[in-house]
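Open the model in a viewer and follow the stops below in order. Each stop says what to select and what is there.

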Amino acid sequence: MHFRKLVSVLGVTAACIMAAAPVSSAMAQDGWPAKPIRMVVPFATGGSNDVIGRRIAQELSQRLGQPVVVENRGGGGGTIGAQVVASAPADGYTLLFMSSSLATSAAVQKTPYDPVTAFDPVSRVAAAPFLLVTRTDFPARTFSEFVDYAKANPEKLNYGSAGLGDNSQLATELLNDLAGIRTMAVNYKGTGPALLDLVAGRIDFTITSIASIRGTVADQLPKLVFTGAQRDPDFSEIPTIRESGLDYVVELWWGVFAPAGTPKEVRERLNQEIAAIVREQEFATFLKSAGATPAPSSSDELRADVARDVERWSKIAVKAGLKVN
């Protein structure tokens, strides 16, 4: 009798312990998502991060059965919004949609997070070349003329970037280095404000993406050259920088990240859903209109992208004197 009572007491005790203990396995995620999900876009509205991020959020909302709400947190080249996600609970209800600015920002400044370890990559979404766009009355109409004009006017041309360490800034500083020119950065809290000033003629040029200008007044600005390895089939009249003889190829990527420690089951579900989204012809058409192509990946592949880009752009930042720490 005493033995049976002991077994009964031990069984109840074990059950209570298991009920009180935190679980991070699939058992804890059976109900995910049970409430709206926040997707932080760490730039102002109107840029490529915002345009593509909102479309991904819309598609995920339909697939997950819960709203995925975009929250723009601009500033610091993306670091302010990224820090919001890095410090958020790793419960699957806060995500980061960010371009390769995650790496370039860390290349020029000491960020409050490690871009490689502070996040659990979910999936890359898309990739695209940049485009060099000038103000309407800019005197150069070809890339060669642009370089000649910049050389004749050192430190007199101003370019817009989405903030210190943004993709556009590092891409422009690499161009400065390889072309032997010197142009000056004007940093904004996002691509949208930079494009507004470019349209108004307050800055001379910017290196940005088709996604950032498509559907805006900036789409009417002169487009001089692409930065990709090959011409874009939809813009076959626009050459690449490499065609000019300069060994310059730069592309950017966009991806989804979660705070480090987010349950594996959540990340795998998100990865699967994103892969399904980018395989859809309608989404591929949307990306094409934005000058981008689908580029889904595994979590490990996206983490490798970040680590590689941090190394590459750190070298450029030091050489351009952009490193602030």
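Colour the chain by relative accessibility: buried residues make up 54% of its 325 residues. This is a predicted model, and the values that follow are computed from its atoms. Switch to a surface view next. The accessible surface of the chain is about 14200 Å², and 55% of that area belongs to carbon and sulfur atoms.

Now show the cartoon. Eleven helices and eleven strands make up the secondary structure. Draw the contacts between residues at least 6 apart in sequence: 78% of them join residues at least 24 apart.

Next, select the charged side chains. Side chains of opposite charge can pair when their charged atoms come close. In this chain the count comes to 23 salt bridges, and the next stops visit some of them.

Select R267 and D120. Their closest N and O atoms are 3.5 Å apart, and the two residues form a salt bridge. Which elements does this pair link? R267 is in helix α9 (residues 264-279) and D120 in strand β4 (residues 119-129); the partners are 147 residues apart, so the pair links distant parts of the chain. D120 has a relative accessible area of 12%, so it counts as buried, the cut-off being under 20%.

Move to K223 and D219, a salt bridge with the closest N and O atoms 3.3 Å apart. Are the two partners buried or partly exposed? K223, at 22% relative accessibility, counts as partly exposed, whereas D219, at 17%, counts as buried.

Then select R231 and E243. This salt bridge has its closest N and O atoms 2.8 Å apart. Both R231 and E243 lie in the loop between β9 (223-226) and β10 (251-259), so the pair ties together parts that are twelve residues apart in sequence. R231 is partly exposed at 36% relative accessibility, and E243 is partly exposed as well, with a relative accessible area of 46%.

For the last stop, select R63, R269, E273 and E280 together. Salt bridges that share partners join these four residues into one network.

Technical notes. Residues are numbered from 1 along each chain as its sequence is written. This is a predicted model: local features need pLDDT of at least 70, side-chain atom pairs count only at pLDDT 80 or more; totals for chains, interfaces and linings use all residues. Side-chain values use heavy atoms; hydrogens and water are left out. Helices (H or I, at least four residues) and strands (E, at least two) are DSSP runs, numbered from the N terminus. Buried means under 20% relative accessible area, exposed over 50%, partly exposed in between (1.4 Å probe, protein chains only). Contact means heavy atoms within 4.5 Å. Accessible areas come from the Shrake-Rupley method with a 1.4 Å probe; for residues, only the protein chains shown count as cover. A salt bridge is a side-chain nitrogen of Lys or Arg within 4 Å of a carboxyl oxygen of Asp or Glu.
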